[in-house]
Amino acid sequence: MVSLNQLVIVCLTYVAGLFFVAFMAERAALRGRGGWLLHSPLVYTLSLSIYCTAWTFYGAVGYAARSGLEYVTIYLGPSLVMFGWWWVLRRLVRIGRSQRVTSVADLISSRYGKSNLLAIIVTVMAVVGVTPYIALQLQSVVLSLSIFAAPEAIPGAEVGAGINAGRAALWVALGLALFTVLFGTRNLNVNERHHGVVIAVAVEAVVKLVALLAVGIFVVWGVAGGLTETMTRIDASEIGAFRVQGSRWAALTALSGAALLCLPRMFQVMVVENDDERYLQIASWAFPLYMLLMSLFVVPIAVVGLDLLPEGSNPDLFVLSLPLSQGQNGLAMLSFLGGFSSATSMVIVATLALSTMVSNHIVMPIWLALRRDGATQSGDVRNVVILARRLSILLIIGLGFLYYRSSGGSGALAAIGTISFGGVAQFLPAMLGGIFWRGATRMGALCGLSLGFALWLFTMLLPSFGMDTVLSQAVYETGLMGLGWLRPQALFGIEGLDPTVHAVVWSLSLNAIIFVVVSLFTFPDPVERLQGAQFVNVFDHSSPARGWTASVAGSEDLMIMAQRILGAREAQAFFAGEARRQGFADGLPQPTPRFVQALERELAGAVGAATAHAMVAQIVGGTSVSVQDLLAVADESAQMLEYSSQLEAKSRELSQTAAQLREANEKLTQLSLQKDGFLSQISHELRTPMTSIRSFSEILRDAKGIKAADKTRYASIIHDETIRLTRLLDDLLDLSVLQNGQVTLNVQSAPLSRVLDQAITTALAGRNGALAICRDPLTEALPLTTDLDRLGQVFINLVANAAKYCRAAEPELSIKVQESDGPLVIDFVDNGAGIAEDAQAVIFEKFFRVHGVEGEGAGLGLAICHEIMTRLGGGIRYLPQGAGTGFRIWLPAEREAGV
Amino acid sequence: MARSPIFLERRSYRVRRMMDAVRLLPVLGLALFMVPLIWPVPSDDPSETMPMSTALEYLFGAWMFLVLAGWLLWRRTGAHAADPASDPAAKPPVTEAR
C-alpha cells in the first residue's frame, strides 16, 4: 500500500518536473530554440486535451456506471465540432489571429463594437459557469488523495476521510495558483503565447492518456481476461443495455459541442495559443482520436469496477480503487498522477483564461475610469496589468476553493460538469451569430446572453443545489412568485422533459431567438458595423478596415502609452518599424489612421480590445468612427463626381473662351491690316489735298501773270482741299469725342419725317436724281425726342453711303419705318450688291473701307454712326438678308435717349 | 481576381472535391452519431434492447472511421486547406502539370 507521504512526494516530484518542463520551454522559446516542439501540431493537439479534465478521468467511469453510454456524448459533440473545423473553428482562429483576440469575452465584445458592457457580462457568466468546475477539480484531487490516505475507507469513500480535506484542497489550490502566476503572467501579450503552460499541459495530456490507457488495458486483459470476456461481462452487467433517452443523447451532444467552442479554457488553447492555422486540420482528426482513446476503456472499467468492488463504492473513483484493490500500487500511482494532471492542467488554463478576461474587462476598465487621464500619465501600466492578472488568478482559484468549501464536496458537484457546459454554451448564439451574420447587433447579443444566462441560472444552476436550498419546493411546484409557467423544470407548463434537456433546450433556443429578433429590430452603431464586416468577411479581406480618423493623436503620447503597456523595447521596435514603413529614417511615425489601428491591435493583444480601444480613444480623442466619418467617406466619392463634372464644365467653358479668343484674334488681325491700310489711305488722303494746296499756293506765289480767273480757280481749289482736310479731321475728332463719352446730347423734339427730309436733302445735295428714295410718309409721322442733329447725321451718312456706293443701274434706297410696342426700327435698304460676308463683322470699325470700292470717305462714317446710335440708347446693325445693302437702326421705345 | 475557368485541370479538380469532403465530413459524423436515437430503449419495451457491446462497437467503430477519414483528408488536402486563400473557389487553379 502506498503511504500518503510517498504519494505526496511523488506528487511534488511530478509538480517540480512540470515546473522544470515549463521553465525549459520558456527559456527555449526566449532563445528562439526548440521551435519544432513548441510550435508543433502535436503540442497543439495535446494542449486541446484540457477538455478532458478530472471530470473525464474519474467522472466518466462514474457516469458510465450510473447512466451507461451517455457519457460518450460529452466527447461526441466536440468530435463533431472538430470534424467540422472548416466551418467554425477555422473562422474563429482566423478572426482570433487577425483581431488579436485574447479571450472569448474579448471576441464577443470586439465583434459587437468593442463593447465593454458585453465583455463584462460574458466575463461574469464565464466566472460563474467555470468556478464550480474548478471546485470540482479540487474536489477530485482531494478525493483521490483520501483514497490513498484511508484505504479502509473505500467503501463509501467519505470525502476527506483520513486527511484534512480542507487543508489538502488549500495546498492544491495554492500550488496551482503559484504555477499559473509564474507561467501564465510572464509576458503580457497573450498573443505571444504561454509556451511554458502549453508545454506543461501537453505533458499532462500524455500523462493522463497513458494512465487511463494503462488502467484500461490492465482491467481488460489483466482482470477481465481479454476482449471477448470483457464484452460478455459488459452485456451481462447492470449497464448491459443501451438505455439513453434520445432527447438526452442529442441535447448532451449538442451541449458539449457548444461547450468546446465556448469554454474559456478551450478558447484559450484552441484560438489564442494557436500558432498556425494548419494545425487545426491535424487536430481535427487527432483530437477526436485522443478523446476516443480517453473514453475507450471507460465502460470496461465501470463494468469491472461494479463487479469486483464492494457494493456502495464510489464509481467516480473506480479508476483508482480498481488497481488498488488488485494490489497494483504502481498502476494506482500512475492513475493518481493522471487524475492529478487532468485536474491541474484544467485549473491552470481555465484560470489563465478567466484571469485574462477579468483583468482585461473588469479590472482595467475600472482602473482606467478611476484615472481619467490615466493612459497618458506616468507610471507603468504594464505592472498594473500584470498585477491585475495575478490578482485575478488568485481571485478565481480562491473562488473555486470557497465554492468547494461551501458546497462541502457534495454529490451535487458530479453534475456540475454539465451545468458548467450549459452556462458557457449561452455564448454560442452571440458567437456564431457574430462571425456568420453581419446583422447581429450588440443589443441582440446583450438581450440573448442575459436571457440565456438567467434561464440557465433558474433551470440549471439553482436547482443543482437541491430542493429547498436556494429555490424552495413551492417554486418547483407552483413556479416563481406563484406563476405557474415559471417552474424551473417545466417552463411554460411543458412537463415531462428531462431536466437537463429542458434547461438546455429552453435556455439556448430562447437565447438564440431573442438574439436574432432583437438584432433584426435594432440598428448597430458604426464601429459595430465595421467590426461585423471584418468578422464575417474575415477570409475576404484580412486587412483591417480603417478605424481611427482623427490624426490629432500625438505620436509621443501614443509612444509613452505603448511603452508602458508593451514594454519599452517592444514599443520602440514597433514604432521604429512603423516609422521605417512610413519612410522616416528615424524619429516617430506619423499617427496615421492605419498606424493607430495597428497600435490598437497590438495593445489589444495585451489588455483586450475594449480596453485598448478605450486607451487609444483617450489619446486620439473621440470615437474612432462616427456616422459623419462614414458619410464623409461616402461624400468623398460624391465630391469626386461633382469635381469631375465641374472640370468638364470648366473645360467646356475654356474651349468656348478659346473659340471666342480665336475669333477676337482674327478680328484684331483684320483690324490691324485695316489700320495699316487706313494709315496709307489717310496719308494718301492727307497728302493729296496737301499736294494740291502746296502746288497751287506755289503757283500763286511764284508765277507771274496769272489770269484773274485762274487765280480764283486756284484759290478755290486750295479752299476746297482745305475743307476736305478739315472734314477729315472733324470726323476723326468727332469719333474720338463719341468714343470717349465726352459728348453732350442736345435733346430736341420733332417728327421723324422732318429729320429724314433734312437728312436726305443734305445727303443728296449736288447729286441730282442719282438716287431714288422710296418712303412711306404715313409711318414716318412719329414724334421723336432725342438728339435730332446726331440722328440726322446718322441718316445723312446712310443715305450718302447708298448714293455713293450703290452700283445698281437705277440706284434706289427704300426707307421703312416700323413701330410696334417695342423700339422704333428704321431700315435703309438699297438695291446694290451688298457687303461681302467677311466684311460684315468689321464694317462698324474705324477706318474700315470696303476693298476695291472707290470713294472719298476715310472709313469713319459707319463707325461714327455706330457710336452715335449707342449714345442715343439704340443701335445699328447690318441686315444680311435681303437683296442689297441694308442697315437697320433702332431707337429705344420711349425715345428719351440720353436723358 | 482573374476569372477562374469553368473547367479545371484534373489535379485541382481533385483538390476541390477533397475540400468538399472535408466540409461534408461533420454532416456524415452527425448522421452516424445520431443513429443511437433510433435504438430501442428498455423503458419503451423491455423485451427489445440494444446490447451494450454492440452499441460500443458501433459507436467506437463510427468514431474511428471518422478519425481515419479526417486523417486521410488531411493527407490529401493539408497543403491547401489552411492556406490563407484556402477557399478553393476563391483560389486560382493550380496550373502546373505533374
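Me: Is A:Arg694 buried or exposed?
Reply: In this predicted model, A:Arg694 is exposed, with a relative accessible area of 56%. The cut-off for the term is a value over 50%.

Me: Which residue does A:Arg694 meet in a salt bridge?
Reply: The partner is A:Glu698, and the N to O distance between the two side chains is 4.0 Å.

Me: And where do A:Arg694 and A:Glu698 lie?
Reply: Both belong to helix α29 of chain A, which covers residues 627-702. They are four residues apart, or about one turn of the helix.

Me: What about A:Glu698, how accessible is that one?
Reply: A:Glu698 counts as partly exposed, at 35% relative accessibility.

Me: How many salt bridges does the structure hold over all chains?
Reply: There are 14 salt bridges over all chains.

Me: Which residue forms a salt bridge with A:Asp734?
Reply: A:Asp734 pairs with A:Arg790, and their closest N and O atoms are 2.9 Å apart. A:Asp734 is in helix α30 (residues 708-740) and A:Arg790 is in helix α33 (residues 788-805), so this pair ties together parts of chain A that are 56 residues apart in sequence.

Me: Are A:Asp734 and A:Arg790 buried or exposed?
Reply: A:Asp734 counts as buried at 14% relative accessibility, and A:Arg790 is buried as well, at 16%. Buried here means under 20%.

Me: What about A:Arg233, which side chain does it meet?
Reply: The side chain of A:Arg233 meets that of A:Asp307 in a salt bridge, with 2.9 Å from N to O. A:Arg233 is partly exposed at 22%, and A:Asp307 is partly exposed at 43%.

Me: Which residues are linked in a network of salt bridges?
Reply: The network joins A:Arg94, A:Arg97 and A:Glu277.

Me: New topic: which residues form a nonpolar patch on the surface?
Reply: The patch consists of A:Ile513, A:Val516, A:Val517, A:Leu520 and A:Phe521, which together have about 500 Å² of accessible area. A:Ile513 is found in helix α23 (residues 499-521) of chain A, and it is partly exposed, with a relative accessible area of 48%.

Me: And chain B, which residues does UniProt list as "transmembrane region"?
Reply: The unreviewed UniProt entry lists residues 21-39 and 55-74 of chain B under that term. In the model, residues 21-39 are 68% helix and 0% strand, while residues 55-74 are 100% helix and 0% strand.

Me: How far apart are the end C-alpha atoms of residues 55-74 of chain B?
Reply: They lie 28 Å apart.

How values were computed: Residues are numbered from 1 along each chain as its sequence is written. Chains are lettered from A and ligands numbered from 1 in the order in which they are written. This is a predicted model: local features need pLDDT of at least 70, side-chain atom pairs count only at pLDDT 80 or more; totals for chains, interfaces and linings use all residues. Side-chain values use heavy atoms; hydrogens and water are left out. UniProt positions are given in the numbering used here, feature names are shortened, and annotations may be inferred rather than shown by experiment. Helices (H or I, at least four residues) and strands (E, at least two) are DSSP runs, numbered from the N terminus. Patches are made of residues with over 30% relative accessible area and no salt bridge: like charges are joined within 9 Å, nonpolar side chains (Val, Leu, Ile, Met, Phe, Trp, Tyr) within 5 Å. Accessible areas come from the Shrake-Rupley method with a 1.4 Å probe; for residues, only the protein chains shown count as cover. Buried means under 20% relative accessible area, exposed over 50%, partly exposed in between (1.4 Å probe, protein chains only).
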